[in-house]
Amino acid sequence: MQNDPSLAFSWCAESGLSALTPLPMFRSCLAESYQQRTHEAVSLVKRHLESVSQPFSGVTPAELSPEVRDIDLSQPLASSSDVLDELSRVYLRDAVYFHHPRYVAHLNCPVALPAVTAETIQAAINTSVDTWDQSAGATLIEQKLVDWTIGRIGLGENADGIFTSGGTQSNLMGMLLARDNYALRYLGGYSIKEKGLPACAHRFRIFTSEYSHFSVCKAAAMLGLGYDSVVPVAGDSAFRMDVKALSEAIHDAQMQDLIPLAVVATAGTTDFGSVDPLPAIAEICEQNHIWMHVDAAYGCGLLVSQKYNSLIGGIEFADSVTVDFHKSFFQPVACSGFFARDKSHLNVVTHHADYLNPLSAAQEGTPDLVNKSIQTTRRFDALKLWMTLREVGAEGIGKEFDAVIDSARAFHRWMETLEDVECLHEPSISAIVFRYLPANATEGDTLNECNRQIRKALFSGGAALIAGTKVKGAQYLKFTVLNSETSMEDIQYIIGQIRTIGAGLWERLNAADVNSVESSK
Ligand SMILES: *Cc1c(COP(=O)(O)O)cnc(C)c1O
């Protein structure tokens, strides 16, 4: 009987240690139950891990939604094993599995086991890293990893940072710091934090390449500057920011009495993995006194790379940096960071609350991380990176990323030899943008539709998941390689599928075209 975790609360009650409520809690008298439930959950995931044969089942929203809809939330199952059985049906059976070697779609990495273990620990202890008095050691661990990352970036002695929920939040912080510190420095100590936007804010401009992440525009909107404040800078033939175009755009803005506030450079664009020319951009920013933010959400793995570290050279000149450990450090979501060259620039997000992080605590030197964050209650996401680093070191993570980059390059070389596949670029990290291009094809709607439908057909089969994107109006397909287990055979299988599906579609689409031309006569 003691083996049934659903009865845990009653033996707790029997021992007289706890109130009689039906909610099983994480508490000392239920330590056995805690262990048993965790084992059960892990066993369930293990069974799925061993049996998953493709990244996705191909289930449609119409097929799956009744399963969820028909569950009556007012009728709890009472037994934890029944809950797990149900969860298999509504979630695990049809989940999208990023660890599968034929998942090459978005920037989702397979995750490192030490990090998965860390998640189990952090979920149970439930530390919040906002103040020292809620975290103790966790604060020190996070700060040490912040300092470690700063060392890897090369931001210098005066830098500081904070873990965030993702690249989107980190990019928002980058632009927030740029905006507020501009006003403090160049508008006579004007504090946007206290007074709101100054009258000239509608003249603020942020420069970023046309291939940068959409979170740059979102951040501008949230900061009260609007999409119109973002100036898209043309890319070069390798999809990097064109520095000549950047210089001209800044010059044009100055001529029109606009205020260049920040340049957001990307180290690893989401679509192409291209790295903007950071040293040249840094020089332009320095000459014009413009804040330089580097979005290394994707490219941050290069910081620990043995072979490709030089690709991210120049990041050390940034005023602020976004790092997504949950993309190229093989960490589970969420694990991300924001780093600023000058720690005093983080003061613009500091607010002292008497009940939480009083000024007196800061003056006594209490390390309250909330002083640097736009969140309050915050998960101890640093623990994942800590446990990964402590087990395998930076070298372990870097070698995994190098293997992924090597694979992507090999896949690209092979794809270049195919007559009916057109590659759009040399992969600088591990993204490969390409399209199916049959021999007699011409640019246009039919070709775009064919490539769009290839991706849809693959998704509904579920045997391989790939991504798609549009470049200058044309539809392309994309592999984002982040799994060192993805082999040449996997890629050959996927390309084989693309060609078979593509050939059928191409024939049908052209026949349909002829028919529609005939019928419109
Ligand atoms: C993924 C990505 C982001 C957004 O990061 P999230 O962690 O998804 O919020 C920002 N910039 C780039 C270049 C990205 O690839």
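Buried means under 20% relative accessible area, exposed over 50%, and partly exposed in between, with a 1.4 Å probe and protein chains only. By that scale Phe-434 is buried, because its relative accessible area is 1%. This is a predicted model, in which local features need pLDDT of at least 70 and side-chain atom pairs count only at pLDDT 80 or more, while totals for chains, interfaces and linings use all residues. Residues are numbered from 1 along each chain as its sequence is written, and side-chain values use heavy atoms, with hydrogens and water left out.

Phe-434 sits in strand β10, residues 431-436. Helices (H or I, at least four residues) and strands (E, at least two) are DSSP runs, numbered from the N terminus. What does Phe-434 touch, not counting residues up to four places away in sequence? Its contacts include Met-415, Val-421, Leu-424, Tyr-476, Phe-479, Ile-495 and Ile-498, where contact means heavy atoms within 4.5 Å.

The next residue carries an annotation. UniProt, in an unreviewed entry, places the feature "modified residue: N6-(pyridoxal phosphate)lysine" at Lys-327. UniProt positions are given in the numbering used here, feature names are shortened, and annotations may be inferred rather than shown by experiment. In the model, Lys-327 belongs to helix α12, residues 325-328. Is Lys-327 buried or exposed? Lys-327 counts as buried because its relative accessibility is 16%. Leaving aside residues up to four places away in sequence, Lys-327 touches Leu-107, Cys-109, Ala-297, Tyr-298 and Leu-482.

Salt bridges come next. Side chains of opposite charge can pair when their charged atoms come close. A salt bridge is here a side-chain nitrogen of Lys or Arg within 4 Å of a carboxyl oxygen of Asp or Glu, and a search of the whole structure finds 25 of them. One of them joins Glu-67 and Arg-89, with the closest N and O atoms 2.6 Å apart. Glu-67 is in helix α3 (residues 61-69) and Arg-89 in helix α4 (residues 80-92), so the pair ties together parts that are 22 residues apart in sequence. Glu-67 is partly exposed, with a relative accessible area of 23%, and Arg-89 is also partly exposed, at 34%.

Another salt bridge pairs Arg-378 with Glu-142, the closest N and O atoms being 3.0 Å apart. This pair links distant parts of the chain, 236 residues apart: Arg-378 is in the loop between α13 (359-363) and α14 (382-416), and Glu-142 is in helix α6 (residues 137-153). Arg-378 counts as buried at 4% relative accessibility, and Glu-142 is buried with a relative accessible area of 1%.

A further salt bridge is formed by Asp-236 and Arg-240, whose closest N and O atoms are 3.0 Å apart. Asp-236 is partly exposed, with a relative accessible area of 22%, and Arg-240 counts as partly exposed at 33%. Elsewhere, salt bridges that share partners join Glu-67, Arg-89, Arg-93 and Asp-94 into one network.

The surface also has a nonpolar part. Phe-26, Tyr-34, Ile-121 and Ile-125 make a nonpolar surface patch of about 400 Å². Patches are made of residues with over 30% relative accessible area and no salt bridge, joining like charges within 9 Å and nonpolar side chains (Val, Leu, Ile, Met, Phe, Trp, Tyr) within 5 Å. Accessible areas come from the Shrake-Rupley method with a 1.4 Å probe, and for residues only the protein chains shown count as cover. Phe-26 lies in the loop between α1 (8-14) and α2 (31-51) and counts as exposed because its relative accessibility is 53%.

The peptide bond from Val-333 to Ala-334 is cis, with omega near -5°, and Ala-334 is in the loop between α12 and β8 (336-340). Ala-78 has phi near 70°, a positive value in a residue other than glycine. Ala-78 is in the loop between α3 and α4 and is exposed, with a relative accessible area of 71%. Lys-472, again a residue other than glycine, has a positive phi near 45°. Its place is the loop between β11 (465-471) and β12 (474-480), and Lys-472 counts as exposed at 67% relative accessibility.
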